[in-house]
Amino acid sequence: MVYARGQPGILLPRPKDFSLDSMKSPVAFHLMVKPTGAICNLDCRYCFFLGKAELYPGSSFRMNEATLEEYICQYLDAQQVPAATIAWQGGEPTLMGLDFFRHSIELVEKHRRPGMIVDYTIQTNGILLDDVWCEFLGSNRFLVGLSIDGPRALHDRYRVDKAGQPTFDRVMQAARLLQKHQVDFNVLCAVHAANAGRPLDVYRFFHDDLGIHWIQFIPIVERINQNGATLRQEGDRVTSRSVLPEDWGEFLIAIFDEWVRNDVGKTFINQFEAGLAAWAGTPPALCIFDRTCGKALALEHNGDLYACDHFVEPVYLLGNILEKPMKELAASTRQHDFGQDKSQRLPRFCRACDFLWACYGECPKNRFRLTPDGERGLNYLCPGYRSFFRHIDGPMRTMAALYRSGRSPTEVMSILPQMEARWKEACLDSGRNDPCPCGSGKKVKHCHGRPTDSGRVVP
Ligand code: SF4
Ligand code: SF4
């Protein structure tokens, strides 16, 4: 599992046989562990988590030996499945130093059940990675999530250090070291006001220049808390750094069009993989598109367990694992209700949406807008998601049908150009000023007969 620090929640991969629905005790759950709490060596302008340091005034912000062992022992014991993932996140977890992580592996060996497979992930800004770190990460088969926001100018716009200095060169060095040591890593790219208008520059930079084939795009939705509160999410306005909903949709659409023609099966992008899962009728690998929440908890440096990384707020504190077993806290009624709220609090507008089954209203943290009929709780990103889902519907249906018939969804890359050619023929036959044969009601020249230099896919 990889998770984006400072951004909406992403879960990859999902444990099998996972369910909280009929729980006494959950079969398995994800846990984001923050050994340094909110402490980080960077000062990314859009990071929602830095302010969480206020939760623990006077703290050392370092997970101690007792808490580390309790976490590992209790977490492995709580997973009633043959595999578990130890997921480090921050703040910046590498600030703990290598010995902390070496010791954590010794503790896993001490506490894991015979035959239990334990994977490791770490989300990092890459600043502290050197040969020794990468050798350790590679030899212990860590999956690393490295935060990069695109080419230099786009990355450096908001990802700066404590002195306000750019970080691009240091992150590129980390990427090269990870590649040199053959460490599995994916890129977590925050999408914000600075890079949302440059989707293909961002995608091609990762794909062509860096040779990276696992990419997670994370929309930045940074709310302005009118009351000055930093420990809870409030208000329905967003900062100027936030991505606009329509831009988020356009960003995904432009990259999807390039991906679906050239890179299916070679490059893995979180929203596209989740989309394919939804169209194929299999469970989503992204919690934001799941029907319920409650399966991805967050553990602070002192053992405090929270409902989710995006709700590390006093009201969502479940308890402390040094005082009450993690298993019980994860199975508590409060956590169950938190998870069910995602579907139970959906506004009518979402319940009637054609793409409810693919979206489920996305993450509750972004549900602070009014629906057209004035109901509270519509997702801020909704207009972008509706455009995106509508746009990918045709190719996704094709890929899902291939998958269900036992063929490879990658065949879509040869099928789509044939479909497009057929549509173009139909469009030319009917004349550029006639209604488009797709039934949109638009003229051909404004619909499927328009130039496709942007690579837009014809359904
Ligand atoms: S609140 Fe729900 S959808 Fe949002 S990050 Fe947490 S688990 Fe995922
Ligand atoms: S696309 Fe919009 S209306 Fe549809 S489920 Fe998602 S948030 Fe709700």
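Student: How are helix 7 and helix 13 oriented to each other?

Tutor: Two packed helices are described by the angle between their axes and by the distance between those axes. Here the axes of helix 7 (residues 245–262) and helix 13 (residues 382–404) come within 6 Å and cross at roughly 20 degrees, and the two helices are therefore roughly parallel, a label for angles under 35 degrees. Axes are lines fitted to C-alpha atoms over the stretch in contact, with angles from 0 to 180 degrees between N-to-C directions; helices are DSSP runs (H or I, at least four residues), numbered from the N terminus. This is a predicted model, in which local features need pLDDT of at least 70, side-chain atom pairs count only at pLDDT 80 or more, and totals for chains, interfaces and linings use all residues. Residues are numbered from 1 along each chain as written, chains are lettered from A and ligands numbered from 1 in the order written, and side-chain values use heavy atoms, without hydrogens and water.

Student: Which residues make the contact between helix 7 and helix 13?

Tutor: With contact meaning heavy atoms within 4.5 Å, the residues include W248, L252 and F256 of helix 7 and Y385, F388 and H391 of helix 13.

Student: Which residues of the largest nonpolar core touch the most other members?

Tutor: In soluble globular proteins, nonpolar side chains tend to be buried together. Of the 121 residues in the largest core, Y71, W88, L137, F206, F217 and F389 touch the most other members; a core joins buried Ala, Val, Leu, Ile, Met, Phe, Trp, Tyr and Cys residues through side-chain atoms within 4.5 Å, buried meaning under 20% relative accessible area (1.4 Å probe, protein chains only). A second, separate core of six residues includes L346 and Y360.

Technical notes: Buried < 20%, exposed > 50% of the residue type's maximum accessible area, 1.4 Å probe, protein only. Parallel < 35°, antiparallel > 145°, perpendicular 65-115°, else oblique.
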